[in-house]
Every structure is written in structure tokens, then in C-alpha cells.
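These are my notebook entries on one structure, set down for a reader who is new to it. I begin with the structure itself.

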Amino acid sequence: MPSLPLPRRIEQWSLVNAVGMLLAAAVAAGLRTPWPLLGAGGALLAGLVVVARRGWTPRGTFGRANGVTILRAGLLAGLPPAADLGAAPLIGLCLLFLGADGLDGWLARRADQTSEFGAFLDKETDALFLLLLCAVAAFQNRLPLWILGAGLLRYVFVVVVFLLDPPEKTEERSNLARYLYGGMVTALLLSFLPYPTLYRPLVIVAAGALAVSFGRSLWWIVPRAQAFGKHGHGGGA
């Protein structure tokens, strides 16, 4: 039986990853610790590496760019301990993580080694970072527990897309989405400073804007007739 093409294998992994992270979030919320998220996220990213092993880069090698993304993912293990040490270590680690973001893409383009695997690895590493930051803020009682919902938007989006089953199951990464992601991370980092009257409104606005961004992506990725349960004319079986 022939193996599935790489895009299809990555799509299936994406659904497994989304469901796994939603379940891990439920466990983490019950235990009030981010470690289930970190364990599940790390294991699922490792699964992506295995699933896409024949398509890491156009040349088949893993590549320096993907190596940088893996290093960024490894930094996430330091988030909970850094948060326990205080705002300065946490913000420093997050700035290091964010500073390396973009380096992997630049290296991939420079070496002509861009790939679907690399794009997914980078995107899902960023999603895990945001979720962990939301979890740490919530479990330290800096923000209400609902902030976990902002970190889970990516995973809910994936599940909804698979349920609606559009022709394309991945969204384009726009500059607007990057700016909103950066705004959400900034608001979350501010929540570790002793200025709740400043950061609480910012977190609410940033979370709302991020939710609208995901809704917009869903609106464009799913044909609108399909989203409203309508069907076109003359479709063959």
C-alpha cells in the first residue's frame, strides 16, 4: 500500500496534535501546572519530525533552519522554571525565543531549503510557546483561567477546519496575524509585571483581536456556502 504524500501526512498529524493539546490543556487546568502541556507538546513535535522524515527539506537533510527551530522548541522547557524565578528571567528567555524567530526562515531561504515541514514546525512551535505563556500566567494567578482559551485558539481552529473539511486545511500566514501574535505575547509578558491596571485591558484587547484573526482565517479557508450548509448546483457524485 503506497504511503500518503507528505502534505497529507502532515495534515493528519496536525489534527492529532490539536486534539492532543486540547486534552493536555484539560489535564493542565485540572492540576494547575503547565507541565502536561510541555510534555504533550514536545512529544507531538517529535512525532512531526518522524512523520515528515522524508521531506524535512527539498534535499532530504534536516537542515540548519529546522535545527534552529528545534533549539527554539527546546527553550520552551525553561519557561515554567524561569517564571518561578521571576519576571526578569522569564522575559529574558521569551526575548531569546522571539529573537531566534525569523532566523530559521531566513536560513531556509538563504540555503534554498524551505519546506512544508519547516513551516509547520515553526508554526506549531510558536503555538506551543503562546499556550505555555498563557498557562504560566493563569496558574500563577496573574490572569484568569480563561486566558488558556487564547492559547488554545490555534488547536480549536485546526479541529474546526477538519470538521468542515475544506479543500485546503492550512491557512496563509499573513503579516497581520504575525502582528497580532506579537501583540498577544507582549500583553502576556506585561502580566508578569506589577501593573494590573495596565496589562489587564491590554490582554483582553489582544485576546479578542487574536480570536477575530482566527475567525477571519476560518472565513477565508472554508468556502462560505459550505460554512452555511449550502451546496452548489450540478455537483457530480
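The entries below record what I looked up, topic by topic.

**Entry 1. Basis**

I worked from a predicted model, in which local features need pLDDT of at least 70 and side-chain atom pairs count only at pLDDT 80 or more, while totals for chains, interfaces and linings use all residues. Residues are numbered from 1 along each chain as its sequence is written, and side-chain values use heavy atoms, with hydrogens and water left out.

Buried stands here for under 20% relative accessible area, exposed for over 50%, and partly exposed for what lies in between, with a 1.4 Å probe and protein chains only. This core holds 67 residues, and those touching the most other members are Leu-37, Phe-129, Leu-133, Ile-147 and Met-184. Helix 7 (residues 116-139) gives the most to the core, namely 16 residues. I take helices from DSSP runs (H or I, at least four residues; strands are E, at least two), numbered from the N terminus.

I then followed Met-184 and its contacts (heavy atoms within 4.5 Å). Leaving aside residues up to four places away in sequence, Met-184 touches Leu-130, Ile-147, Ala-150, Val-203, Ala-206, Ala-207 and Leu-210.

**Entry 2. Helix 11**

Helix 11 (residues 196-221) has 26 residues and reaches 37 Å from its first C-alpha to its last. That is close to the 38 Å expected at 1.5 Å a residue, where the expected span is 1.5 Å times one less than the number of residues. I listed its buried residues as Tyr-199, Val-203, Ala-206, Ala-207, Leu-210, Ser-213, Phe-214, Ser-217 and Ile-221. The cover over these residues includes helix 7, helix 8 (147-151), helix 9 (153-164) and helix 10 (175-190).

**Entry 3. Salt bridges**

I counted a salt bridge where a side-chain nitrogen of Lys or Arg is within 4 Å of a carboxyl oxygen of Asp or Glu. The count comes to 6 salt bridges.

Which residue forms a salt bridge with Glu-11? The partner is Arg-8, and the closest N and O atoms are 3.1 Å apart. Glu-11 and Arg-8 are separated by about one helical turn, because they are 3 residues apart in helix 1 (residues 6-31). Glu-11 is buried at 16% relative accessible area, whereas Arg-8 is partly exposed at 32%.

Asp-104 and Arg-72 also meet through their side chains in a salt bridge, at 3.6 Å from N to O. This pair links distant parts of the chain, with Asp-104 in helix 6 (residues 103-110) and Arg-72 in helix 3 (residues 64-75), 32 residues apart. Asp-104 is buried at 6% relative accessibility, and Arg-72 is buried at 1%.

Arg-72 forms a salt bridge with Asp-122 as well, the closest N and O atoms being 2.9 Å apart. Here helix 3 is linked with helix 7, the two residues lying 50 residues apart. Asp-122 counts as buried, at 12% relative accessibility. Through shared partners, salt bridges join Arg-72, Asp-101, Asp-104, Asp-122 and Asp-126 into one network.

**Entry 4. Loops**

Arg-32, in the loop between helix 1 and helix 2 (35-51), has a phi near 55°. Arg-32 is partly exposed, with a relative accessible area of 39%. Asn-141, in the loop between helix 7 and helix 8, has a phi near 60°. Asn-141 is exposed, at 62% relative accessibility.

Is Gln-113 buried or exposed? Gln-113 is buried, with a relative accessible area of 12%, and is found in the loop between helix 6 and helix 7. Not counting residues up to four places away in sequence, Gln-113 touches Thr-57, Pro-58, Arg-59, Thr-61, Gly-63, Arg-64 and Ala-108.

Key. Core = buried A, V, L, I, M, F, W, Y, C linked by side-chain atoms within 4.5 Å.
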